[in-house]
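Here is a short report on one protein model. Have a look at the chain first, then read on.

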Amino acid sequence: MEKIKLAVIFGGKSSEYLISLHSATSIIKNIPVDKFDVTLVGITEEGKWLYFPGNVEEVDNNTWFKNPGCCEMILSPNATLKGFVKLNNDRSFETLRVDCVFPVLHGKNGEDGTIQGLCELSGIPYVGCGVLSSSVCMDKEFTHIVCENAGVKTAPFMSVRNEANLDTKTIYEKALAKLSLPMFMKPANTGSSHGISKIRNYNEFVEGLKLAFKYDTKVVLEKTIDGFEIGCAVLGNDELMIGEVDEIEMYHDFFDYDEKYHSTTSKIHCPARISDELKSEAKEIAYKVYKALNCSGLTRVDMFLTRSKEIILNEVNTIPGLTNVSRYPSMLRVGLKMGYTEFIEELVRLAIGK
Ligand SMILES: Nc1ncnc2c1ncn2[C@@H]1O[C@H](COP(=O)(O)OP(=O)(O)O)[C@@H](O)[C@H]1O
Ligand SMILES: [Mg+2]
């Protein structure tokens with residue numbers, strides 16, 4: 001059988017650039033080379049697209065773009081080409097057809113519908129959610145609106161746009177009345193807890209806004225949910241497979257960047273240490289959220305379980321952390337007995353079969 005020509009895109013102009021390198025390293029190391037013919041395309045933090053002919057270690061240690069074999073490489077929106085245009089360093093160019101694109105990119109310019117739009121124009125199947133679901137899931141306000149409308153419980157929230165002469169005192173009073181203290185403040189479109197603050201007073205509100213507006217022009221304020229975090233992996237297009245429910249055990253204020261990637265005091269339990277009834281309920285909610293947001297391929301649905309055993313949606317990650325020890329692949333391993341390599345193959349199969 002002919003090998004599938006797969007382009008793995010990594011890096012990206014995103015605050016989650018480094019996380020992408022970790023995910024991509026793991027994926028590149030585990031792609032079965034007897035079935036796939038892999039082309040690596042890196043995007044620098046500045047947004048430059050490069051063909052990368054080097055070793056995976058260079059991706060892992062973020063030196064990949066220094067490889068002398070790198071040259072410019074862009075995904076063509078020309079749907080009759082179905083591939084990339086490679087600009088060789090001697091300024092000659094060649095075209096490279098591919099069967100599937102795997103955007104191993106997190107956050108802005110990768111998980112938000114932008115790359116997905118380019119893939120749509122190119123006519124090449126791609127791993128993961130489509131344009132609309134990617135962008136809606138990336139935006140925490142729109143995720144709330146769509147899911148609430150589908151009957152899924154989410155935290156009470158409001159949004160603030162970065163306008164000239166913002167009356168922060170009035171907004172604070174409104175937020176106080178609706179959400180009380182402490183409240184969570186998040187840039188609408190980020191991940192990895194970048195720009196997120198827990199607000200306990202007006203001073204923190206003003207400082208929090210300054211920080212969050214560095215990441216986005218829209219900020220979402222949420223009532224603090226008193227409980228712990230659980231997550232559920234959903235995989236598929238029409239027929240869905242649901243992974244195990246996991247749990248984040250934490251001793252800190254919230255699951256911030258350090259905790260996510262260095263796990264200093266937090267611990268992931270998979271399966272979650274909750275009753276079978278609650279796990280089933282969490283899986284049903286994850287299924288409902290996936291359908292409501294029109295997801296395809298994969299998505300990790302993050303929820304809170306409150307002290308009164310209520311499950312509330314937190315957020316949805318259409319390209320969650322994908323290293324072999326990340327939460328999503330672990331949920332599939334534990335819940336579906338699906339190994340990491342099988343998972344990668346399944347993602348490509350789902351992309352091509354869409
Ligand atoms: N409404 C909330 N109540 C309690 N904790 C929250 C709330 N929103 C976010 N958090 C905490 O902040 C972390 C990051 O928020 P999240 O919305 O998941 O953003 P990100 O996309 O950066 O992961 C969560 O994992 C959780 O620990
Ligand atoms: Mg999160």
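## Where two helices meet

S23, S26, I27 and N30 in α1 meet Y340, T341 and I344 in α11. Contact here means heavy atoms within 4.5 Å. Helices (H or I, at least four residues) and strands (E, at least two) are DSSP runs, numbered from the N terminus. By class, this contact holds three nonpolar, four polar and no charged residues. Ala, Val, Leu, Ile, Met, Phe, Trp, Tyr, Cys and Pro count as nonpolar, Asp, Glu, Lys and Arg as charged, and the others, Gly among them, as polar.

The axes of α1 and α11 are 10 Å apart, and the helices pack at an angle of about 95°. Therefore α1 is roughly perpendicular to α11 (65 to 115 degrees). Axes are lines fitted to C-alpha atoms, for helices over the stretch in contact, and angles run from 0 to 180 degrees between N-to-C directions.

## About the model

This is a predicted model: local features need pLDDT of at least 70, side-chain atom pairs count only at pLDDT 80 or more, and totals for chains, interfaces and linings use all residues. Residues are numbered from 1 along each chain as its sequence is written, chains are lettered from A and ligands numbered from 1 in the order in which they are written, and side-chain values use heavy atoms, with hydrogens and water left out.

## The nonpolar cores

The largest nonpolar core has 37 residues. Such a core is a set of buried Ala, Val, Leu, Ile, Met, Phe, Trp, Tyr and Cys residues joined through side-chain atoms within 4.5 Å. Buried means under 20% relative accessible area (1.4 Å probe, protein chains only). W64, F102, L235 and F343 have the most contacts inside this core. Elements giving two or more residues to it include β1 (4–11), α1 (17–30) and β12 (227–236). α11 gives the most, with seven residues.

F102 touches L6, A7, V8, I9, I27, V127, L322, I344 and L347, leaving aside neighbours within four places in sequence. A second, separate core has 27 residues, among them V234, L293, M303 and L313.

## Three domains

The domain assignment gives domain 1 (4–126), domain 2 (137–153 + 226–352) and domain 3 (157–223). These bounds come from an automatic or database domain assignment. The C-alpha centres of domain 1 and domain 3 lie 35 Å apart. Four residues of domain 1 are in contact with seven residues of domain 3.

## A buried aspartate

D139 sits in the loop between α4 (131–138) and α5 (140–149). D139 is buried, at a relative accessible area of 7%. Not counting residues up to four places away in sequence, D139 touches A188, N189 and K218.

Technical notes:
Buried < 20%, exposed > 50% of the residue type's maximum accessible area, 1.4 Å probe, protein only. Parallel < 35°, antiparallel > 145°, perpendicular 65-115°, else oblique.
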